[in-house]
Amino acid sequence: MAQIEEFLGQVSDIVWGVPLLVLLVGTGIYLTIRLGALQVRSLPYALKLAFSRNQDKKSDGDISHFQALMTASAATVGTGNIVGVATAVVLGGPGAILWMWVAGFFGMATKYGEAILAVKYRVKDSEGNMAGGPMYYLEHGLKQKWLGVLFAIFGALAAFGIGNGTQAKAVADLMNSTFSVPFWVTGIVLVVFAGLVIIGGIKWIGRVTAFLVPIMAVFYIAAGLIVMIMHINLVPEAIGTIFTYAFSGEAAAGGAVGAAIRFGIARGLFSNEAGLGSAPIAAAAAKTDMPGRQALVSMTQVLIDTFIVCSITGITIVMSGNWQDGSIEAGVLTASAFGTLLGSAGPYLITFGLLFFATSTILGWAYYGEKCFQYLFKNPTAVKAYRTIFVLFIFVGATASLDAVWTLADILNGLMAAPNLIGLLGLSGVIIFETKRFQKKAKEEQQKVS
């Protein structure tokens with residue numbers, strides 16, 4: 001088993017190596033240029049669309065703009081925001097946080113492009129629900145069905161690791177270490193809760209995540225802001241440290257500028273999933289009259305994930321100074337940082353935060369995996385079987401230690417990005433066309449109001 005884990009680790013390093021990171025960031029830079037830095041120009045309007053009370057209810061789709069955004073946010077705001085950021089700091093130093101922001105900035109353009117294509121090429125399944133994502137725009141837009149099949153295979157399998165087992169294990173570990181709750185108890189509770197939601201399909205997932213994600217995000221952000229206000233004198237120094245080490249390089253585990261760039265970009269993209277092709281599956285379910293409208297809403301997900309939640313984690317870790325203690329593992333570094341700055345309540349806050357984050361990620365990825373599976377088999381009975389197996393696997397993840405499975409899931413997660421990025425680059429002309437079409441309509445709507 002040790003040899004298998006070592007081999008998979010080596011493969012994972014190759015998959016998540018420089019070529020993929022360059023392709024991920026490069027696609028974001030390319031789209032940013034072609035879209036004229038749309039993520040800056042249109043951000044206020046995008047936020048207005050995302051959080052407006054007057055959501056589109058008449059257009060085709062299964063859930064509202066906001067519910068689609070929360071479903072995608074549920075899948076991305078998970079252990080990566082707490083453990084992933086800590087890992088980036090340990091391996092790449094505080095400077096990794098700056099490169100995480102850089103990846104997030106360009107990732108907003110990537111996320112926008114994914115959502116446009118997802119809505120444009122979505123279809124209705126046999127039960128009248130929307131189905132969309134990279135597999136559909138690779139087949140119907142790029143005319144390369146084999147790439148769509150590859151993406152669907154990788155996505156359906158990866159969901160069991162990154163969106164299921166690893167999340168359940170993280171919750172079970174923390175509940176056991178903090179409250180001495182047996183692993184099997186946590187596993188059963190997660191199975192029952194997730195099962196009741198997942199079996200109900202996207203409409204139930206959308207409703208629950210629309211309720212759960214805002215609560216957990218506000219809870220975690222509030223805790224971070226309290227820490228910063230209590231230690232306001234440390235904030236400027238922490239931000240200065242992030243910028244200094246981004247170009248000089250120092251990490252708890254040793255390293256240089258290259259390590260800061262690599263791990264900052266890798267963990268940033270791993271957290272917000274821009275370019276992986278997962279989030280557009282949720283975007284395709286949104287009730288919207290034009291692809292560009294939902295695309296702007298989807299773009300704000302990176303803002304929430306990287307620039308708010310991940311920043312809270314990263315800045316707090318740097319403020320605490322605990323990143324310099326090489327004996328503290330990444331998995332507990334965030335809890336340690338909050339404990340240093342907030343006292344004994346700190347670790348409990350992180351435990352509850354991760355509980356909400358990981359549980360919501362399970363719900364979001366259940367939908368992603370199901371849609372990938374549906375694309376491959378197009379059989380309602382088979383899809384229901386996938387849901388059942390996915391729910392039962394939560395218990396396995398919470399009670400077993402299957403490092404090889406999690407590493408394999410990381411590999412599959414990275415492999416999802418390759419065909420998706422090919423689709424984004426190959427269909428960039430469609431993204432630009434749909435953007436101009438929507439901007440023209442948005443201008444007409446604004447003129448009518450004024």
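Ala, Val, Leu, Ile, Met, Phe, Trp, Tyr, Cys and Pro are counted here as nonpolar, Asp, Glu, Lys and Arg as charged, and the others, Gly among them, as polar. With that in mind, the tour can start; the model on screen is a predicted one.

**The second largest pocket**

Select Tyr45, Lys48, Leu49, Arg293 and Glu445, which are the closest to the centre of the second largest pocket among the 24 residues that line it. The volume of this pocket is about 660 Å³. Its lining divides into eight nonpolar, nine polar and seven charged residues. Now colour the helices α3 (38–41), α4 (43–51), α16 (291–320) and α21 (428–449), each of which supplies at least two residues of that lining; α21 gives the most, with eight residues.

**The two cavities**

For the largest cavity, with a volume of about 100 Å³, select Ala75, Ile162, Gln167, Phe270 and Glu273, which lie nearest its centre among the 13 residues of the lining. At least two lining residues come from each of α5 (65–76), α6 (79–92), α10, α14 (257–272) and α18 (345–377). By class, the lining of the largest cavity has four nonpolar, eight polar and one charged residues.

The second largest cavity, with a volume of about 30 Å³, is found by selecting Leu24, Val25, Gly28, Ala103, Phe106, Gly107, Thr110, Leu269 and Ala274, which line it. Helices α2 (18–34) and α7 (96–120) each supply at least two of the lining residues, and the largest share, four residues, comes from α7. This lining has six nonpolar and three polar residues, and no charged ones.

**Where α10 meets α19**

Return to α10, already visited as a contributor to the lining of the largest cavity, and show residues 161–179 for this helix together with residues 380–399 for α19. The two helices pack at an angle of about 45°, with their axes 7 Å apart, and α10 and α19 are therefore oblique to each other. Looking at the pair, one sees α10 pass α19 in a right-handed crossing.

To inspect the contact itself, select Gly163, Asn164, Gly165, Ala168, Lys169 and Ala172 on the α10 side, which meet Phe390, Phe393, Ile394, Gly397 and Ala398 in α19. By class, this contact has six nonpolar, four polar and one charged residues.

Conventions:
Residues are numbered from 1 along each chain as its sequence is written. This is a predicted model: local features need pLDDT of at least 70, side-chain atom pairs count only at pLDDT 80 or more; totals for chains, interfaces and linings use all residues. Side-chain values use heavy atoms; hydrogens and water are left out. Axes are lines fitted to C-alpha atoms, for helices over the stretch in contact, and angles run from 0 to 180 degrees between N-to-C directions. Angles under 35 degrees count as roughly parallel, over 145 as roughly antiparallel, 65 to 115 as roughly perpendicular and the rest as oblique. A crossing is left-handed if the near helix is turned anticlockwise from the far one by less than a right angle, and right-handed if clockwise. Contact means heavy atoms within 4.5 Å. On a 1 Å grid over the protein atoms alone, a cavity is a set of points where a 1.4 Å probe fits but cannot get out, and a pocket is an open set with protein on both sides within 12 Å along at least five of seven lines; lining residues have an atom within 4 Å of a point. Grid points are joined across faces, edges and corners, and a volume is the space filled by probe spheres set on the points.
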